[in-house]
Amino acid sequence: MKRITYLYLVYLGLPIALLLVGSFGQSWVNTLLPSGFTLNWYQEIWQTTAYRKAFIMSMQVCLMVCLLNVLVITPLVCSLLLKGNSRALQATRLFALLPIAAPELVIGFGFILAFTRDATPWLGATWLLVVGHFILTFPYFFFTLMADMERSAFTQLDRVAQSFGANSMTRFTTVFMPLAAKSIVAGLMTVAAISLGEFQLSNMIAGFMNRTYPTLLLQAFYGATGLACAATVILLLLAITLSLLSSYQNSNKNRGAKA
């Protein structure tokens with residue numbers, strides 16, 4: 001069993017290690033490992049306008065998607081818990097599972113069919129890219145927040161606050177949000193990691209002027225190998241950092257719940 005685990009870790013880690021080595025290699029042509037050492041690839045990424053703009057666009061889309069998840073999903077979860085309607089909850093869970101079950105290729109074609117018509121010529125717009133990322137990420141935020149809040153004492157505390165005359169907005173800000181704060185942060189870390197690394201849907205619906213960083217990586221691999229490796233390493237570091245932060249937040253949340 002241990003051997004299988006080690007082999008699996010090698011299988012996962014070897015491509016990442018080769019990318020890291022290749023990002024510092026001066027030349028890598030028809031050899032197992034690159035030759036020479038250089039930092040020029042990372043410098044070139046920063047100095048190249050296309051990569052810098054794509055990175056900034058990815059960060060902007062990521063921030064807007066996180067904000068959209070907070071503004072839409074957080075009150076939705078609060079409302080579902082307060083109403084206690086099992087049918088509404090089941091329907092919402094089913095709806096949230098659809099973006100996970102449906103391939104991104106299908107969702108992308110749906111966007112193309114819907115937004116390339118004369119009445120809706122919006123394919124390539126930045127706001128549509130944000131909506132696409134929101135559709136792909138909101139299930140993870142929804143299920144993280146819903147699972148944690150169902151285990152909390154929110155409904156009991158809300159009734160207590162209501163008995164003291166607190167209105168719905170006051171109860172949302174003073175009861176729900178403090179209880180959900182750690183879950184919201186953990187869910188947003190997952191949302192950010194998915195949004196920053198998303199390629200397939202973005203490649204289908206993004207315009208030339210608002211290409212995200214992962215879509216530009218495809219072009220990088222048709223050029224210098226070292227440049228492509230360096231660009232990929234930057235994206236991997238962002239994704240790994242966000243994943244570690246999400247895991248750390250979840251562990252702190254679980255320790256707090258046990259205490």
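Helices here are DSSP runs of H or I with at least four residues, strands are E runs of at least two, and both are numbered from the N terminus; on that basis W28 lies in the loop between α1 (2–23) and α2 (40–47). This is a predicted model, in which local features need pLDDT of at least 70 and side-chain atom pairs count only at pLDDT 80 or more, while totals for chains, interfaces and linings use all residues. Residues are numbered from 1 along each chain as its sequence is written, and side-chain values use heavy atoms, with hydrogens and water left out.

**Overall architecture**

- The chain has eleven helices and zero strands, and its C-alpha atoms fill a box of roughly 70 × 55 × 35 Å along the principal axes.
- Of the 259 residues, 36% count as buried, where buried means under 20% relative accessible area, exposed means over 50% and partly exposed lies in between, using a 1.4 Å probe and protein chains only.
- Among contacts (heavy atoms within 4.5 Å) with a separation of 6 or more, 73% are between residues 24 or more positions apart.

- With a relative accessibility of 21%, W28 counts as partly exposed.
- Setting aside neighbours within four places in sequence, W28 is in contact with L18, G22, L33, P34, T225 and C229.
- Between W28 and Y11, which are 17 residues apart along the chain, the C-alpha separation is 21 Å.

**Nonpolar cores**

- A nonpolar core is a set of buried Ala, Val, Leu, Ile, Met, Phe, Trp, Tyr and Cys residues joined through side-chain atoms within 4.5 Å; the largest one has 43 residues, and V77, L145 and F176 have the most contacts inside it.
- At least two residues of this core come from each of α3, α4 (86–101), α5 (104–114), α6 (126–150), α7 (154–163), α8 (168–197) and α9 (200–205), and α6 supplies the largest share, eleven residues.
- Not counting residues up to four places away in sequence, F176 touches T74, V77, C78, L81, L145, M149, F154 and R171.
- Another core, lying apart from the largest one, has 13 residues, among them Y51, A54, L217 and A231.
- As general background, nonpolar side chains tend to be buried together in soluble globular proteins.

**Packing of α3 against α10**

- Helix α3 (residues 49–83) and helix α10 (residues 213–220) pack at about 150 degrees with their axes 8 Å apart, the axes being lines fitted to C-alpha atoms over the stretch in contact and the angles running from 0 to 180 degrees between N-to-C directions.
- That angle makes α3 roughly antiparallel to α10, since angles over 145 degrees count as roughly antiparallel, under 35 as roughly parallel, 65 to 115 as roughly perpendicular and the rest as oblique.
- The contact is made by A50, Y51, A54, F55 and S58 of α3 together with Y213, P214, L216 and A220 of α10.
- Six of the eight residues of α10 are buried, so this helix is largely enclosed by the rest of the structure; the buried residues are Y213, P214, T215, L216, L217 and A220.

**Cysteines**

- The whole structure has zero disulfides, a disulfide being a pair of cysteine sulfur atoms within 2.5 Å.
- For C66, the closest cysteine sulfur is that of C62 at 4.3 Å, which is too far for a bond.
- C66 is buried, with a relative accessible area of 14%, and C78 also counts as buried, at 7% relative accessibility.
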